[in-house]
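Subject: Structure handover and notes

Hello,

Here is the structure you were expecting. Please look it over first; my notes follow below.

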Amino acid sequence: MTGELQDPAQLHHSEALLDALAAARTYAQAATAERTRRAYQSDWSTFAAWCAARGVQDLPASVATVAAYLADLASRKRKVSTISRAVAALAYGHRLAGFYPPTHAEPVKAVLKGIRRRTGVATERKAPATARALHKMLKRIDTTTARGKRDRAILLIGFAAALRRSELVNLNLSDIERADGGILLTIRRSKTDQEGAGHVVAIPRGSKLAPVAGLDDWLSATGRTTGPVFTSIRRGDHITANRLTDQAVALIIKRYAAAAGLDPSLFSGHSLRSGYVTEALANGADVLRVMDQTRHRSVQTLKGYDQRARAFKTHSGLKFL
């Protein structure tokens, strides 16, 4: 049978090439954030199932198939943000497989533009967890339990450091540095720092919210000196060594918002970060100093927060309404 015997050198070369190709694929995937990849994988699975149900090819997909898929999403009242992410996922999947993305074709662009015009692109803004809202939440926490100590520390540190929920759960004990005025947190990797250059954020001890004291209370309860800062807790108030998930952070924020008499549907995992920005700008903090804390790259990104914070202080009708 032909092809049954191969030269050992050729076989070794083939295996080495396969290994190199596998490594290349891994590096290519690493170019995109893990959370984004998970979202893209979910979007691609949905698209593949849609194609299979209609007997059309998903990879490479035709321009007509993609255009029809987007139109179908719109007809099922999917948000523009959801449809836009699906477009990004399809483009990513095709590029990763070595195909030219059909999403770049003019007919697909025209369909997406039409959807955006007809549906509207306004985003649903979640409520910021400002200092006032945070005070209300903190009052509802039972700090006699390990769970309560952990949840209080999550709210305080997430707010004081203006952290994204992914940054919050990825903190390790080795990322905490003690200083005279408080603590320094090293953010190893973030949404705007995918290559891991790192950024140091200062958290003052504080006299009102006292975030450092809240963190220390939790760390004393864990008794650990290595590993993740925030871990899951099992029934019986048993602290585990398992890193908390970013989804859990969002649920914790919603739980205490509800306990404080606030509408939990208005809050999200981003509320602590947006709360800090809103509070800082409302109290007259310099925009550039706020950017040092939040690690925003553009002043324009903070413009919406600033407008919200100053909505009534600088209102044009303040003197006659």
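Lys77 lies in the loop between H3 and H4. Helices (H or I, at least four residues) and strands (E, at least two) are DSSP runs, numbered from the N terminus. Lys77 has a positive phi of about 65 degrees, although the residue is not a glycine. With a relative accessible area of 73%, Lys77 is exposed. On that scale, buried means under 20% relative accessible area, exposed means over 50%, and partly exposed is in between, using a 1.4 Å probe and protein chains only.

Before the rest, some ground rules. This is a predicted model, in which local features need pLDDT of at least 70 and side-chain atom pairs count only at pLDDT 80 or more, while totals for chains, interfaces and linings use all residues. Residues are numbered from 1 along each chain as its sequence is written, and side-chain values use heavy atoms, with hydrogens and water left out.

Other backbone points

Ala210 also has a positive phi, near 50 degrees, and is a residue other than glycine. Ala210 sits in the loop between S3 and H9 and is partly exposed, at 23% relative accessible area. Arg205 is found in the loop between S3 and helix H9 (211-222). Arg205 counts as partly exposed, at 41% relative accessibility. Its C-alpha atom is separated by 9.7 Å from that of Ala179, 26 residues apart along the chain.

The peptide bond that joins Leu59 and Pro60 is cis, with omega about -5 degrees. Pro60 lies in the loop between H2 and helix H3 (63-75).

Strands

Two strands count as paired if DSSP finds at least two bridges between them. Strand S1 (residues 176-179) and strand S2 (residues 182-187) pair in the antiparallel sense over 4 bridges. They form a hairpin with 2 residues between them. Arg178 has Ile183 in S2 as its bridge partner. S2 is also joined to S3 by 6 bridges, and these two strands run antiparallel. Here Leu184 stands opposite Ala202 in S3. S2 is largely enclosed by the rest of the structure, because 5 of its 6 residues are buried.

Aromatic pairs

Rings of Phe, Tyr and Trp (its six-membered ring) pair if their centres lie within 6.5 Å; planes under 30 degrees apart count as stacked, over 60 as edge-to-face and the rest as tilted. By this rule there are 5 aromatic pairs. Tyr40 and Tyr92 form a tilted one, at 5.2 Å centre to centre and with 45 degrees between the planes. This pair links distant parts of the chain: Tyr40 is in helix H2 (residues 34-54) and Tyr92 in helix H4 (residues 80-96), 52 residues apart. Tyr40 is buried, with a relative accessible area of 16%, and Tyr92 is buried at 14%.

The rings of Trp44 and Phe47 have centres 5.6 Å apart and planes at 65 degrees, so this pair is edge-to-face. Trp44 and Phe47 are 3 residues apart in helix H2, which means that about one helical turn separates them. Both Trp44 and Phe47 are buried. Ring pairs link Trp44, Phe47, Trp50 and Tyr69 into a cluster.

The second largest pocket

Pockets were searched on a 1 Å grid over the protein atoms alone: a pocket is an open set of points where a 1.4 Å probe fits, with protein on both sides within 12 Å along at least five of seven lines, and lining residues have an atom within 4 Å of a point. The second largest pocket has a volume of about 670 Å³, a volume being the space filled by probe spheres set on the grid points, which are joined across faces, edges and corners.

Which residues lie nearest the centre of this pocket? They are Phe159, Ala160, Pro204, Leu209 and Tyr276, out of 22 lining residues. The lining divides into 13 nonpolar, 5 polar and 4 charged residues. Here Ala, Val, Leu, Ile, Met, Phe, Trp, Tyr, Cys and Pro count as nonpolar, Asp, Glu, Lys and Arg as charged, and the others, Gly among them, as polar. Helix H6 (131-139), helix H7 (146-160), strand S3 (199-204), helix H11 (271-282) and helix H12 (287-294) each supply at least two lining residues. H12 gives the most, with 4 residues.

Regards
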